[in-house]
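Let's take a friendly walk through one protein model. Have the sequence and the 3D view ready as you read.

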Amino acid sequence: MKSGGLHPRLLGAMLLSGAGGLGLQLTWTRQLSLVLGHELPALLSVLTAFFGGLALGGWAWERLLTRVRFQSHWPAGLELLIGGWALVTAMFLGPAAAGVVHLLPADATGTLQALVTLPSTWLLLLPATAAMGATVPALLRLLPEDAPGRSGSGRGLALLYAANTAGAVAGTWGAVLWLQPHLGLRATVGACAACHVAAAALLRHSTPSTSPSLQVTTTGTRRPWRVLGQLGVTGLLGIGLELVANRALAPILEGTVYTHAAILGVFLIATAIGSALESARATNSAAAPLGWLALTTLAAGHALLHVGDWNEFLHQHLPGGFRFLLLSESLIALTVLGAPCLCMGSCLVRLVTEARRAGICPGTALAWNTAGAALAGPVIGTLLLPALGLRNTLWTVAAGYALTMIWHLGGSGRNRSLVFGTVFVALGIGLPADLGTPPPPPGSHWVAWVHGASESVGVSQSSDGHRTLSVQGRFTMGGTASTNAAARQLLLPMTWHPAPRRALLLGVGTGISFGATASDPSLTAVGVELLPEVLALKDWFRPHNEGVHGSLVIAADARRYLRQSHERFDLIVGDLFHPSRDGAGALYTREQFVSMRDHLAPGGIAVQWLPLYQLDARVLRSIVGAFLTAFPEAQGFLLRPTLDTPVLGLAAKNGVWTVREADFATRVSSGDALRRRLQAAGLASAESVWACWLAGPKTLTAFAAGGLSSTEDFPSVLFQAPKLVASGSARPGALLLELIDRFAGEGSEFPLDAPGGSWGRRLAASRSARDEYLRGLAEDDRGDKIAAEAAFLRSARLSPDFTLGYSQLLTRAMLRSKTDPSGTRRLLESLRDARPDQPVANQLLNRLEATERPPTTP
């Protein structure tokens with residue numbers, strides 16, 4: 001140990017410890033959310049349990065220290081304990097958490113979830129988190145007498161805390177950007193454990209062999225409980241500010257797993273810099289950084305008013321691609337959180353230093369701060385944000401800092417407090433009431449907006465009266481403009497099953513898909529929706545979602561609900577989940593599809609719909625491979641023939657899937673309501689239903705070959721899909737056209753009972769006509785009108801059942817009849833010759849000839 005300073009190996013150990021600790025926190029949170037669920041109570045339970053363990057470790061260490069021997073060995077021993085327990089969790093955390101989940105009913109309320117998951121998670125992580133909380137206090141005890149921070153100055157603490165926090169930044173970005181995507185979650189835990197083992201090795205060779213007693217200078221200028229209270233309040237407000245910033249930035253940034261890592265990284269970097277700067281002046285009062293914290297928190301609110309413009313500026317001037325998107329998101333987060341987090345790091349060091357002067361050991365001081373941080377999730381995330389909204393919650397956090405400053409000053413500094421109060425009120429009044437509410441889509445306005453505990457959700461209405469549901473203003477969850485397309489997600493599976501009685505819909509959204517169940521009175525449906533805020537807005541989509549009203553709709557994580565439910569269903573339908581959205585990737589894993597399989601009744605059908613317009617071939621292979629693991633005989637279906645928003649359905653049956661010509665007629669004979677609903681959705685015949693078939697199991701298996709199947713340990717969709725969004729390479733329809741070309745000629749896999757019959761040939765012709773129609777749309781998008789019309793004509797000629805190509809050409813003929821009558825005549829003649837059984841082209845041709853005929857004179 002160097003005299004008068006901190007050994008570089010000691011700072012290196014703190015760097016490694018911080019990296020391993022934050023890497024473990026993020027990975028444990030990811031692992032536990034896969035089992036406990038993505039509901040807010042479960043997520044906040046993990047956060048609260050982590051900080052609670054840190055607080056207990058710091059508090060208990062100070063009380064045990066006088067009773068233990070060989071104190072110089074304890075910092076290294078604590079790091080070894082963290083690494084060892086991390087390896088234990090790598091093997092047993094998932095099964096242990098699953099055992100906890102089985103204590104809950106499938107439809108458990110948020111309160112019950114919190115009451116069960118919080119103590120159990122706290123106990124599961126406690127050996128490691130308590131050791132993390134004790135590490136810094138143990139090191140401060142062992143600093144030599146002439147080292148910074150030994151006699152009440154906070155320089156030693158400042159440097160240790162800064163090094164630890166800088167390591168946490170490395171752990172955050174290293175875990176999310178490299179370790180978790182490339183090694184998987186369990187191996188990431190192992191890598192983080194190795195960081196703690198390496199830290200232990202450095203500490204073993206950088207701590208003194210003797211155990212000096214802690215020299216604390218007690219000035220008696222401040223009551224101990226006052227300082228401890230201020231440490232607890234600032235911990236609560238600090239994490240609260242991070243929660244508010246995450247919510248406020250969500251409508252602006254992409255909302256992916258990388259977005260959250262960028263915000264957390266900026267939060268930690270600025271805090272570490274603020275702590276490091278205090279190594280030179282930690283003897284000053286904490287009143288100044290507390291006051292600046294209050295003002296910069298309000299200033300962050302004003303910065304939020306402009307981040308949309310700044311984000312657009314960065315997108316225009318930075319090159320495209322994932323790395324620059326991550327840089328852009330980090331810079332945006334820095335403009336909002338940079339200043340308050342600098343003050344936060346400074347304030348913590350000064351308060352801990354004042355606590356030491358008041359006779360309080362560092363472990364106790366840090367324990368109070370982390371205990372306050374543990375309360376931030378329940379108090380600010382669960383209570384204040386839903387009750388007060390974003391603007392008022394931010395103002396409350398700033399006011400909390402202001403009141404803590406006044407509390408800190410006591411009766412002194414009244415003039416400064418008056419000036420500060422004037423500036424504070426001026427900044428607070430300037431914050432608009434709709435802070436955090438994004439602009440509505442072009443040509444629309446918000447008719448409803450909810451800042452809920454889980455997410456912010458809104459309903460926008462366009463000038464033509466259509467309404468759209470969106471989460472955070474970025475993720476569209478459906479609307480009335482696509483009512484029939486949404487209804488097809490459930491109507492198609494309803495026609496595939498001969499007599500479904502129980503259906504489970506994973507993801508409710510607007511409820512329009514769910515509403516299709518009302519057309520079959522014999523079908524009882526259950527809907528599961530993650531966000532309670534989404535369910536609260538379902539009335540805005542009446543009457544299109546009438547089936548949702550009066551049915552059983554549960555606010556729960558779909559994965560958790562399915563695993564805990566003991567029911568079996570005839571239909572299980574997975575809604576369209578945004579693959580790039582943080583958490584949604586877990587719904588595309590092998591384990592999720594196995595759970596769907598295990599809850600199918602005999603003859604039941606499971607379907608997962610995939611938004612092809614948000615995927616590329618690599619991500620799709622991961623999902624298809626995962627689905628085939630659970631359902632080797634899976635079939636592929638196209639929701640509807642479009643290139644704008646193409647949707648692929650992966651479907652499988654619990655049993656042998658055989659299609660018969662009479663099945664559709666038998667199915668719709670159950671009632672007129674179902675027949676009318678099918679007709680409105682463009683599914684009036686068996687041919688229109690089975691024209692949606694795209695590929696069989698052998699074709700899908702060949703497509704998925706070589707891809708990395710998405711699993712809970714390797715959730716590849718979670719990490720790959722956001723990069724696709726960042727690159728901007730997702731072209732609507734491009735992937736569908738690739739699939740059509742790849743699957744061409746594979747119609748022999750269609751599960752028809754009599755494949756060689758006339759009806760089989762008719763269905764094959766209908767699918768060929770569909771493919772030609774889609775190729776025509778692609779040519780039209782490229783601007784080649786001649787090639788497009790030729791493809792539409794081939795589509796019309798191939799099948800009398802698939803009529804979209806025929807309708808497309810009729811529309812074009814009517815639009816150009818006045819400007820190009822001769823071209824219109826040729827187009828109608830070609831169409832008449834292609835489909836002589838359809839009279840419309842001939843009728844239009846006769847009408848055109850009548851208008852061209854010169855009038856006869858009387």
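This is a predicted model: local features need pLDDT of at least 70, side-chain atom pairs count only at pLDDT 80 or more; totals for chains, interfaces and linings use all residues.

Residues are numbered from 1 along each chain as its sequence is written, and side-chain values use heavy atoms, with hydrogens and water left out.

**A pair of helices**

Two packed helices are described by the angle between their axes and the distance between the axes. Here, the axes of α19 and α23 come within 8 Å and cross at roughly 130°. That makes α19 oblique to α23 (angles under 35 degrees count as roughly parallel, over 145 as roughly antiparallel, 65 to 115 as roughly perpendicular and the rest as oblique). The crossing of α19 and α23 is left-handed, meaning that the near helix is turned anticlockwise from the far one by less than a right angle.

The residues that meet, with contact meaning heavy atoms within 4.5 Å, are listed here:

| Helix | Residue range | Residues in contact |
|---|---|---|
| α19 | 617-630 | Ala 617, Leu 620, Arg 621, Val 624, Gly 625, Leu 628 |
| α23 | 697-704 | Leu 700, Thr 701, Phe 703, Ala 704 |

The residues of this α19 and α23 contact comprise 7 nonpolar, 2 polar and 1 charged.

**Two spots in loops**

Most residues other than glycine have a negative phi, and most peptide bonds are trans. Gln 472, in the loop between β3 and β4, has a positive phi near 60°. Gln 472 counts as buried at 6% relative accessibility (buried means under 20% relative accessible area, exposed over 50%, partly exposed in between). Pro 543 lies in the loop between α16 and β7, and the peptide bond from Arg 542 to Pro 543 is cis, with omega near 0°.

Conventions: Axes are lines fitted to C-alpha atoms, for helices over the stretch in contact, and angles run from 0 to 180 degrees between N-to-C directions. Helices (H or I, at least four residues) and strands (E, at least two) are DSSP runs, numbered from the N terminus. Ala, Val, Leu, Ile, Met, Phe, Trp, Tyr, Cys and Pro count as nonpolar, Asp, Glu, Lys and Arg as charged, and the others, Gly among them, as polar. Buried means under 20% relative accessible area, exposed over 50%, partly exposed in between (1.4 Å probe, protein chains only).
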